[in-house]
Amino acid sequence: MAKNSSLTAAKSAKEDEFYTQLSDIEKELKHYRSHFEGKVVYLNCDDPRVSNFFHYFSYNFEKLGLKKLIATCYKSQDIDLFSEHNTEQAVYLEYEGDKDGDLVPGPNEIGIKPLKGDGDFRSSESIELLKQADIVVTNPPFSLFREHVAQLIDHNKKFLLIGSQNAITYKDVFRLFKEDKLWQGYNSGDMAFQVPDHYPPRETRFWVDESGTKWRSLGNACWFTNLDTPKRHEDLILYKSYSPAEFPTYDNYDAIEVGRTEHIPADYDGVMGVPITFLSRYNPDQFEIVGSDHEVKDGLLPWLVREGWTGKVDRAYLNGKRMYARILIRRKGAPA
Amino acid sequence: MKMTIQPTKVTVRELTSGYQDHAEAGVVGYGGKLDIRPPYQREFVYDDKQRDAVIDTLFKDYPLNVMYWAVRDDVPEGDERIYEVMDGQQRTISICQYVDSVFAFEGRYFHNLQPDESARILDYELTVYLCSGPPSEKLAWFRTINIAGEELTDQEMLNAVYAGPWVSEAKKIFSKNGCPAYGLGSAYMKGSPIRQQYLETVIKWFNDGDVESYMAAHHHDPNANELWLYFQAVIAWVNSTFPKYRGLMKGLPWGVLYNQYKGTSWDSAKLEARIADLVQNDDVTNKKGAYLYVLSGQEKHLNIRAFSPAERLAAYERQAGVCPVCGEHYELNEMEADHITPWREGGRTSAENCQMLCVEDNRRKGAR
Ligand SMILES: C[S@@+](CC[C@H](N)C(=O)[O-])C[C@H]1O[C@@H](n2cnc3c(N)ncnc32)[C@H](O)[C@@H]1O
């Protein structure tokens, strides 16, 4: 029994081949056009040709004014198939724009080059390609999301990635939010992805379309980026004013509970606990992220624990009730 | 002046020139002269299939349905937008976005098309009816051809035909996401500002349900202060009359209550005590109605629970089938249940307080 369940766990842990739809890429990328002029774009977790990321950037090469497009096909040599992880030697593609004047990327214009290894984004070959790049855009395997982001930060690269909003609660990812090194893009919420044929059916968030293609969806997909956007500088309009009755102080933290982002009081100077979805509206000119309940638990924010409190600090508690995950923020410019 | 409807041809090249999408601040095209989506109007989104069907039509050179543009009769100085899309907004946005290469059709973006293909798209002619004339006639015409419900809500249509400084100012206060009216009143209002539901509701309150004549009368006003002051007064009155907030208060016809009861001086502590009682009373099935009831005294707002079959039967058995008013015997189905102590005097909907009266006596009692 135990053996069996660990087997399923191992199997499901590997199920992160989710292929992004072109329209989801278009809906997000239309907001970043100006960032791509003269840039080298690298798709480092990809299955080119069938990948809509490759499609988007190759077909928009001239429109965006790209310098070069590079894509690695992880464990795959057959660029027309989704990666079946059937080879330990992979290839990568390079595209430098339309040469024959037919205005579309043709097979002869896309260079296919062999890699010695399997195209893992952590391999030295991939790192060499990364060094050439200005912006990495991809939907990395969910199981490797942390490592993927960490690598981009280490190499000081710009990026635009699809992930799950759960990633916000990972300690290292959250720290990047706090340090203003990463933020949410425009779209978040429901997103549908094509999945390989061999993926087993599931009870929820799974369907097969008329053409027999299998789909799965995420309810909390979102884009993570460090490209600046106008959205990130839009002030959230605040219309509530603070009252202790409406915004009670937690039992254990020196902060008030704000159950909905829109309800943040305009005139409160102290620390406020808000839901994680706050980050999709976060404007660093308006608020400062003080930390998270995780960080209080880890002893990183001792000053936030209420004096004399000896109980739990793993989450915020209100009248003895354990709250959902909270991010702790403060109004910018509030007197300390 | 009569209304005129003038058919004209507009090419995709002309339509998409100067196309700019400023998100909430609006979308313009046709060399800046066409308001495709006015500021603070909800954003329509065609799904991918509908959008693709429009582009497919252009490629095949099939005709698209006629579109209607209103010619604005009141264009402020410095504003280039002299036309407004009344019908065809989604098709127009689909076309403009495609030509701007925002999305691909059958894998290719507009800039990937061969020159002859893109020329064909740009040369495609749309049929547009330009409608000019007095707003009331335009409105009547648009209502007849039934644009409302399809693309525009009635209030959006009213905003379009009465476009001018008043509408612009009113939208700033009542129709933006996070607008002042929302900030002040969202706890008491249902609906969304961007769908023009706040604006519509408040005009209805102010003008006894007649939105159109209010807008016609104020079409040329420089600002919407009158409506804003009114709304502030309504919310202030609600706050002082019912200082304790309950979720039940959201979406009640506050303006109507304000209009009718603002002159009376209410003891808010007493009102609160009665409401607290009513919302806990199991006989009250419409808890929201408590607010209307304490002001108007009309029981109908409470939707008081009817006696259950068991309660009726218990009373019938107790009376041995005899109507206590006329003393005659009746079958159960010839009698109706009645509160012995009336509900408003504290009588409850319970077996002890139930009596069965013959139909006629019950009617007579009700009529008193
Ligand atoms: C979530 S899928 C996204 C695929 C594609 N970019 C898209 O969105 O359509 C993750 C991709 O990463 C590839 N992959 C898995 N492990 C990898 C690794 N260690 N290094 C690079 N790519 C990897 C998988 O083959 C898969 O194609």
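Predicted model: local features only at pLDDT ≥ 70, side-chain atom pairs only at ≥ 80, totals over all residues.
## The interface between the chains

Chain A contributes 16 residues to the contact, and they meet 21 residues of chain B. Together the two chains bury about 1500 Å², with 46% of that area on carbon and sulfur atoms. On the chain A side, 32% of the buried area is supplied by Glu26(A), Leu103(A) and Tyr239(A), more than by any other three residues.

One salt bridge is counted between chain A and chain B. It joins Arg33(A) to Asp100(B), and the closest N and O atoms are 3.5 Å apart.

Two elements of chain A, α2 (22–29) and α3 (52–59), each give two or more residues to the side that touches chain B. The largest share, four residues, comes from α2(A). Sorted by class, this side of chain A has seven nonpolar, six charged and three polar residues.

## The nonpolar cores

The largest nonpolar core has 58 residues, and those touching the most other members are Met86(B), Trp166(B), Phe174(B), Phe231(B), Phe242(B) and Trp254(B). Helix α11 of chain B (residues 225–241) provides the largest share of this core, eight residues.

Phe174(B) shows some of these contacts in detail. Leaving aside residues up to four places away in sequence, Phe174(B) touches several residues, among them Cys179(B), Pro193(B), Tyr198(B), Leu227(B), Trp228(B) and Phe231(B).

Terms used:
Residues numbered from 1 in each chain as written. Chains lettered and ligands numbered in written order. Heavy atoms only, no water. Contact = heavy atoms within 4.5 Å. Buried area = accessible area lost by both parts, 1.4 Å probe. Salt bridge = Lys/Arg side-chain N within 4 Å of Asp/Glu carboxyl O. Nonpolar A, V, L, I, M, F, W, Y, C, P; charged D, E, K, R; others polar. Core = buried A, V, L, I, M, F, W, Y, C linked by side-chain atoms within 4.5 Å. Buried < 20%, exposed > 50% of the residue type's maximum accessible area, 1.4 Å probe, protein only.
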